[in-house]
Every structure is written in structure tokens, then in C-alpha cells.
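Opening the notebook on this one.

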Amino acid sequence: MTCSERKQAFQQRQQQWQELVDKACARFPERRENFATTSGIEMKRLFTPEDVEQVDYTEDIGFPGIYPFTRGVQPTMYRARFWTMRQYAGFGSAEETNKRYKYLLENGQTGLSVAFDLPTQIGYDSDFELSEGEVGKVGVAIDTLADMEMLFDGISLDKVSTSMTINSPAAVLLAMYVAVAEKQGVAPAQLRGTIQNDVLKEYFARGTYIFPPSPSMKIITDIFAFCKDTLPNWNTISISGYHIREAGSTAVQEVAFTLADGLAYVDAAIKTGLDVDVFAKRLSFFFNVHNPFLEEVAKFRAARRLWARLMKERFGAKKPASMMMRFHTQTAGCSLTAQQPDNNVIRVTIQALAAVLGGTNSLHTNSRDEALCLPTEDSVRIALRTQQVIAHESGVADSVDPLAGSYLIESLTSKIEAQALAYIKKIDDLGGVVKAIEVGYIQNEIGDSAYAYQKAVEAKEQIIVGVNKFTIEEAPPENLLTVKAEMEQKQRQKLAQVKESRDNEAVNKALQQLKVVAEDGGNLMIPILAAVKLYASLGEVCGVLRQVFGEYQEQ
Amino acid sequence: MAKRIKVLVGKPGLDGHDRGARVVARALRDAGMEVIYTGIRQTPEQIVATAIQEDVDAVGLSCLSGAHNNLFPKVVNLLREKGAEDILVFGGGIIPDGDIAGLKEAGIKEIFRPGSSTDETIKFITDQVNQ
């Protein structure tokens, strides 16, 4: 057949199908008037080659490990190594969390991920007034290097990579990590890991900010500069979309606002004189993976392609590594239900599968009880097994980017990329991310999406199994993890002991030196490292920085 | 015309997860109530001061960090201390079933768990305030 004969045959067959559709709809109306993704992209009844006519295989889809990396950042992806199985964990004291890390490593997790409590994340010690009731609740309490040493007791830092979900005080926790490694005889250059260190999203989606944007960006670029020479294998930032999605954004908004933040960090780093082809390879990302399977797979591919293009076109990045988007993914916390919690295992499985088919480099799977509390050992083991079953039994990791070429997936990938780029241009017009936050643009977009979703759930347009349909009478669940109240008291005592036994004169001198450097604009990592080695507390170090930089006030 | 019900939605403690608080605040507004949302990182003292200053009928507290047993009763007690015990206090967030009885005993009239609808909250406030 000639090309035009083929086209005619296609159209005839399509017309035939449309007639069948019309008949079918007359007898069995479809479940909705309109089917759309979370981002409002039409979920067509059927996707065909017509939907991907504009997509060029070589330039748009391409090959894994080659720009624009749509199919993945490594040439062989999971055929060589599975994604890192990295379960976010932490609660109570460093001892308890150390035990949980060993449990997870014994059960086959391949990377560590530290969850800190809120006082730690906000730069407060466990004995601070505002820490009351919060110590050890959402993560491990770290006050001084002594806690950090306990946290990694029996874990060699040259043998594991560690991701630390810490933002405003990231410099301090990174310094503590380096100090612990040093005591273990491990040089900084051997350390592998990540600090989240993404302050921008704190202002509009997560809330653990300390300082205003400008000094916060300075701290971040100080870390970039420090790591460039001292920790060359360390991911200096995990530019995050997870929390943006948790706050209620759509998939397109998640990509758009995350990448917009990324552009702001690259811009800030370049302005300090850093070369994009030196620091960009150590940027990493962190996304959510939610229920709508098909849009999520497309989302990851769109994000990779868009970032590569932006790095090349906006910043003139030359090295492939500078344009590669490596990312960690976490399954959506906000999708977990308190009702019939075992159903969450199913949700997490579908979500994890989408992340793997989207080519994630690292993955955390939530536990079934996490709408209620932090995970028990049994629950987190099931979450880890979910990843292991996908890896070893499903076969999806045996070929790279297996869903490429699907008319639906490629069409959605292109649409998500285009719509995310439109948002980024809008933010450009507003003057960049910091300005967009100041005028509330990003917050309003997210808030509108969150509200629309809630309305859809309450109108039963969006069904949540076990919550607004298929409900049952349930007894309250048993055997949930609780953080004991005495833990806080013990932690305060521990801190008091450390303060008593350290060289307080040396600590005071170090804190003074930190203040001087902060005021003069020097690299903060050096004086912070010196202070933490002397067992200055997180609260003390951040207290100095609060004095110099002030505190951010939410508008 | 009946006076509009006035509600303060507040986030005590260090928890910064405000999606629920904002959605509830907006739903209450759409239902015709006057709503003040405090933003995050409020102390119980700040919440109570604003509640009294604004002369609200009800205070809704949101906490997802597990600090509710410490923070929610503090708000109730401070309101009582200042002679504002007639202000209705309710809450939501990540609150285990096992804690609900204790919170109610401490004077938090209702707890809206994950999966609650905003309609439930609207009805509850309306019924309680109009009593």
C-alpha cells in the first residue's frame, strides 16, 4: 500500500470504530461526560498514531543515557542495577532509629534515608520551648553530633549512601555527617548521599523554613561550593515536587513548580561564579508518584526531557551529566487512607510500578499504616517487599522504558511537557520563583487544585475506595507505632549531658566565629563544621544564623 | 438576618502541612461563614489571642505532627483562663483513634479524622454554634 492508501484505510477503519462507539454509547453511556487527567489533559477514549504525529523518535523520545533523556538517564537502566530502594525512616531517639536502619538494611534496602523530627528540621533543640510535644514525633531528634554518631552506629558511611530530608539546617546536618564519617575513618570524598536542601518549596508547600529567601539561597550555594571540592559524590540538593503534589497540585504543576525552583537554584549558583558544568551534575530531584498510573508514567518522562532542554537552552550546559535529571520518588502520602488501611498496600503497589515504568533512580514506598502513624516494622517490610517483587518478579525492569512508543504515553508526555513549560514561562513573567511566591501565585494555583480535588471527592466524582464508597464499619486499628512520651525527657537529659561534658569555651569561640563569617559573607560550611565537631548543638548553630539572617514571616 | 458564624482556623505547633486547614477554611467560607486562617507555626497563646480579639464563635485546630495531645488542650485551657470558654474548639489532622476520647475530655468538641468531608465540619459547626 502507498502512504495515502494506508491513510485512507486508517480513516475508514477509524470511522467504522466511531460508528460502533456511537452505538455503544447510546446503549451504555460512558461513566463520565469527560475523562481527564489530574492536570485537566483529556484522557481520550483511544490514542492512535495521529496523536503522536508531531513526535520525532530520535529527537523527542531518543535513547536512554542520551539527551534529552526521555527514556532514562543511564544507557542500560535497571538491567544493570535496580533503582535504589531507599525507605525514609526515623522516629524517637537516634538509638531507636539506628535499630530501624539496621532492620531495613538487613531486609534488603539499598540506601538510607533519614527522617528528622520537626524541631530538628526547624533548627531547634529538643529542650526549646516550641519543641515541646514535637520531639521525635515525625522523625529522629538530632541535637548534637553525639546523636548523629548514635544514628549511624555500626553503619559504615563508606558502604552506604544516605539521603537526609533536611532543608533550612541542611548545612549543619551535612557537617555532622562529615564529622561522623571522619570519626569512622571515612574521608569526605568517599561519601555518597543527598541532602534535600530545597528551601524554596518550604515557603509554599512544606513549611520548615527558618531564614528569609535571600540568606537561604546563600547557604545553599555555599553548600554547592563546599561539596564541589570536598564531597564530589554528594548530591547537594534534591529539588522537590513531592511536597508540591502533597499540597494538592496537579501533575503538570508538580513538574512546573519543581523545575522552576530548579532554574532558580541554577541561576543563583551561576551568579556566585560557579560553572554550570561543574555543579549541575550534582543536582537531583524528588517527585511524588500518585494513583493515576498513566499520567504519572508520562510525567516522569516529560520532566526528564523538559529539564534537559531547559539546562541546554537557558544555561548553555555542555556536559550530558549537567542535563541529566536524576530523581528519587516517593509514593503519595496523601493518597493513603485511614479507612481499611490494608488497601494502601494496593495503592502503593500501583504507584511504585508507575515510578519504575517512569524510570526513577531511587524509590520510597509508603507503609499501609501511614495515614495514622509512622510505620511499624511489619508495615515497612511489606512496603520494601513491594519494591522487591516489582524488581524481581514482574519483569518490567528487564527492558528500558518499556512503555515508550505507546500512543497514549507519548501524547501525554508531550502535553505535560508543553503545559509545564507554559507555567514556567508564566513564572518567568512574574520575575522568577521568589517573586511568584511573594505574590502568592504558586500558593494560589496549588490551593485551587487542592480545593477542586476535595470538592470532586465530596461530590463522588472522585471515588476513594473505603472512604466515599465501599465503606465498612471498622474497629480502630491496633499495634500502631507510638513514640513514647518519656523519649522527649530522655533526649533533653542527653543534650544537657553533652553540654556539660564538652569544652564550652571552645564552643562559644566557634559560635562567635560562625557569626563573624555569617556577617562577612564567607562560606558557612567551614565554621559550621568546626562548631559541630565541638558538639555545638543544632539549636545553637541555627540560633547564631537566626540572629544574623532573621526569620522568615509567612505572608 | 442571622449573624455570620465566625471561625478561626489555626495551626498550632511546628507542623507546616496546611493543605487540610486551607481547604477547610475555604469550604467554611463558601458555606457563608467568616473565616480567619492563622497560617502555620502558631503558639496556643497566639491562637487564643487572635480568637478572642476577633471574637470568633469557633476555633478549628489542625495538627499532623503528633503534637495534638500537647497543643489542643492548651488552647482549650487558655480560652477558659481568659473567660472565653464559650468558644467551640474542634480539631483535625493525623490523630489516632486512641487519642480522640482524651481530647474530647479535655474539651475539644469533635475531631475530624482523615477522610472526613468538609460538609460534616460545616454541619457540626452550624449545629453547635446555633444551639
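I am working on a predicted model, where local features need pLDDT of at least 70, side-chain atom pairs count only at pLDDT 80 or more, and totals for chains, interfaces and linings use all residues. Residues are numbered from 1 along each chain as its sequence is written, while chains are lettered from A and ligands numbered from 1 in the order in which they are written.

**Helix pair**

I looked up H6 (residues 170-184) and H21 (residues 525-533), both in chain A, and found them packed at an angle of about 60° with axes 9 Å apart. Helices here are DSSP runs of H or I with at least four residues, strands are runs of E with at least two, and both are numbered from the N terminus. The axes are lines fitted to C-alpha atoms, for helices over the stretch in contact, and angles run from 0 to 180 degrees between N-to-C directions. H6(A) and H21(A) are therefore oblique to each other.

Which hand does the crossing of H6(A) and H21(A) have? It is right-handed, meaning that the near helix is turned clockwise from the far one by less than a right angle.

Next I listed who meets whom, with contact taken as C-beta atoms, placed from the backbone, within 7 Å. From H6(A) come A:Ala171, A:Val172, A:Ala175, A:Met176, A:Val178 and A:Ala179, and from H21(A) come A:Met525, A:Ile528, A:Leu529, A:Val532 and A:Lys533. I sorted this contact of H6(A) with H21(A) by class and got 10 nonpolar, no polar and 1 charged residues. My classes: Ala, Val, Leu, Ile, Met, Phe, Trp, Tyr, Cys and Pro are nonpolar, Asp, Glu, Lys and Arg are charged, and the others, Gly among them, are polar.

**Sheet**

In chain A I traced an open sheet of 5 strands, ordered S2-S3-S4-S5-S6 with parallel pairing. S2 (88-89) and S6 (234-235) of chain A are at the edges with a single partner strand each, so one side of each has no neighbour in the sheet. Pairing needs at least two DSSP bridges between strands, and 2 bridges join S2(A) to S3 (residues 112-115) of chain A. Opposite A:Ala89 I found A:Val114 in S3(A).

**Chain contact**

I counted 26 residues from chain B and 30 residues from chain A in the contact. On the chain B side, H1(B) gives the most, with 4 residues. That side divides into 7 nonpolar, 11 polar and 8 charged residues.

**Single residues**

Is A:Ile409 buried or exposed? It is buried, with 23 other C-beta atoms within 10 Å; my cut-offs are 20 or more for buried, 12 or fewer for exposed, and partly exposed in between. A:Ile409 sits in H16 (residues 407-430) of chain A. Leaving out residues up to four places away in sequence, A:Ile409 touches A:Leu294, A:Val297, A:Ala298 and A:Leu403.

I also noted a cis peptide bond from A:Tyr67 to A:Pro68, with omega near 0°. A:Pro68 is in the loop between H2 (57-61) and S1 (84-85) of chain A.

A:Phe470 has a positive phi of about 55° although it is not a glycine, and A:Phe470 is exposed, with 12 other C-beta atoms within 10 Å.

Methods: Angles under 35 degrees count as roughly parallel, over 145 as roughly antiparallel, 65 to 115 as roughly perpendicular and the rest as oblique. Two residues are in contact if their C-beta atoms, placed from the backbone, lie within 7 Å.
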